[in-house]
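Reader: I am new to this structure and would like to learn how its features are read. Could you take me through the aromatic rings to begin with?

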Amino acid sequence: MVETRGSFKNKLLRWLLLTILGLFVLYYLLPLFVMISTSLKSLAEIRTGSLISLPREITLDAWALAWSGSCTGTECFGMKPYFFNSVIMVIPAVLISTLIGAVNGYTLSKWKFAGSEVIFGLLLFGCFIPFQVILLPMAIVLGKLGLAGTIPGLIMVHVIYGIGFTTLFFRNYYVSVPTELVKAAKIDGAGFFQIFFSIFLPLSTPVFVVTIIWQFTQIWNDFLFGVSFSSAGSQPVTVALNNIVNTSTGVKAYNVDMAAAIIAALPTLVVYVLAGKYFVRGLTAGSVKG
Amino acid sequence: MDRLSRHIPKIVIAPSFAAILLFVYGFIAWTIYISMTKSRMLPRYDFYGMLQYEKLFSSPRWYVALENLAIYTVLFVAICIILGLFLAILLDQKIRAEGFIRTAILYPMALSFIVTGTAWKWMLNPGLGLEKVMHDWGWSSFAFDWLVKPDMAIYTIVIAGVWQASGFVMALFLAGLRSVNPEIIKAAMVDGIPGFRIYTGIIIPSLRPVFISAIIVLSHLAIKSFDLVIALTAGGPGYATDMPATFMYAMAFNRGQLGQAAASATVMLATVCAVIVPYLYSELRARHD
């Protein structure tokens, strides 16, 4: 921050600054506002009114349709079944990948062995591959395992390709725990798991929060795995949203599309509002390694 | 220590290591091999050489995808960085409402690209969206039908992508600005250097590592972009907004051209490697120094 003195010119600059920031805030909030206000309008009002006006008459019809009546292809159950598909997919996938990441990160930071850095490098590179390069063999393997088009299959895929990031988060966090603690505990006769459970786990709440939020956001928002490896009935919420929006039968119901989009976005938005600090920490940790 | 407990760390890592070897590296090898076979609907394993790549690089649709990727990556990365840096500098002026403003700028990053695409598809709707708003405000000649114009549709993806990711770049730069040594800034102010020059001459050059990570992360995001294209334009009109990721998906799951899908995926992997490997290498090496 560069200090400026409080002359008239500087006051003017300050107002200019706040105005520019205000306009940007409006720009970022506009799509959210349009989504909410469109979802509360009737189709007639959408056709005659303006995109950016508030609804003249608030109606929840679009929300009811989006939740349990809108059609994806030939089925008209709304977003509800797919929302719950995502819920039962995301919970085990997040928990399993986070726990594996915690143990891996602990091992790769405090119990290094010949080749452990190479293993970490190989895990890390796995975070960055374009998943197109594993889609085809994964589809075949899921088929062979009898998991093609199922939610357990999706859970497996999300766990496997989530391990790299979760390991990275925990490793970077545990690196800053003094190694002397581990040495002292070893002299006292504590073993690998005893040290993990009695020393590391109690210190780990922040990194668990960051990792769980990161994994939750990634897996909830995933589309590529969802669209490639699910079948009618097991689709996650993002795939269902895309299908509802692109269902071409009948009149285009923009209000239902917007309500469905908000339903798909709500869980991650709630997490962001409640725990924004940890969300940002995950984002920056996931991009700036060191 | 007895023999078993000495090996516990290796035993603990072994399942993850095996999973990564198989599901990342084994699968990559399989895909590269399939890209050198004649596979169409089903994988075939007789070696066919580089003919899939010859076919790929003689396909006009693939060139459209590559050109779109180039346009998208350059614009997306450049605009996100300029906007992110600009917003970070504005926000770094002791703004009272900083917390609120930051939240409002960053929330798109919590959304799925499918949600972002759905919202922008509606706002950019030529009949009822922003175009109509301008007409209602009296600007009747305003035309904004990029979504349905084959040569302009790619820019709607840039608009939505920038909206989603620029807040994240802002957060990266803001963290960078906050870590600049305040003593240096104070010394420069004592010397009477004007505020603008302090930014351009001292602060921004010291943010070099942030620029590098932002460029890496954003171009990596751009190369993988798939969801946003599907939700906003579905690759259309025609295949005007196809990108390598959507091309690969179409070949794999709609057209039954596994060889072409594998070849395009391999090219994507090579592109990502060209960006990521030098970065990871320098990061890992820097940590050892």
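Author: Ring pairs join A:Tyr106, A:Trp111, A:Phe170, A:Tyr173, A:Tyr174, A:Phe192, A:Phe193, A:Phe196, A:Phe197, A:Phe200 and A:Phe208 into a cluster. Rings of Phe, Tyr and Trp (its six-membered ring) pair if their centres lie within 6.5 Å, and planes under 30 degrees apart count as stacked, over 60 as edge-to-face and the rest as tilted. This is a predicted model, in which local features need pLDDT of at least 70 and side-chain atom pairs count only at pLDDT 80 or more, while totals for chains, interfaces and linings use all residues. Residues are numbered from 1 along each chain as its sequence is written, chains are lettered from A and ligands numbered from 1 in the order in which they are written, and side-chain values use heavy atoms, with hydrogens and water left out.

Reader: How many aromatic pairs are there over all chains, and how is a pair of aromatic rings described?

Author: A pair is described by the distance of the centres and the angle of the planes. The search of the whole structure finds 44 aromatic pairs over all chains. The rings of B:Phe57 and B:Tyr63 have centres 6.4 Å apart and planes at 75°, so this pair is edge-to-face. B:Phe57, at 35% relative accessibility, is partly exposed (buried means under 20% relative accessible area, exposed over 50%, partly exposed in between, with a 1.4 Å probe and protein chains only).

Reader: What are the distance and angle for B:Tyr72 and B:Phe76?

Author: Their ring centres lie 5.1 Å apart with the planes at 10°, so B:Tyr72 and B:Phe76 are stacked. Both B:Tyr72 and B:Phe76 are buried.
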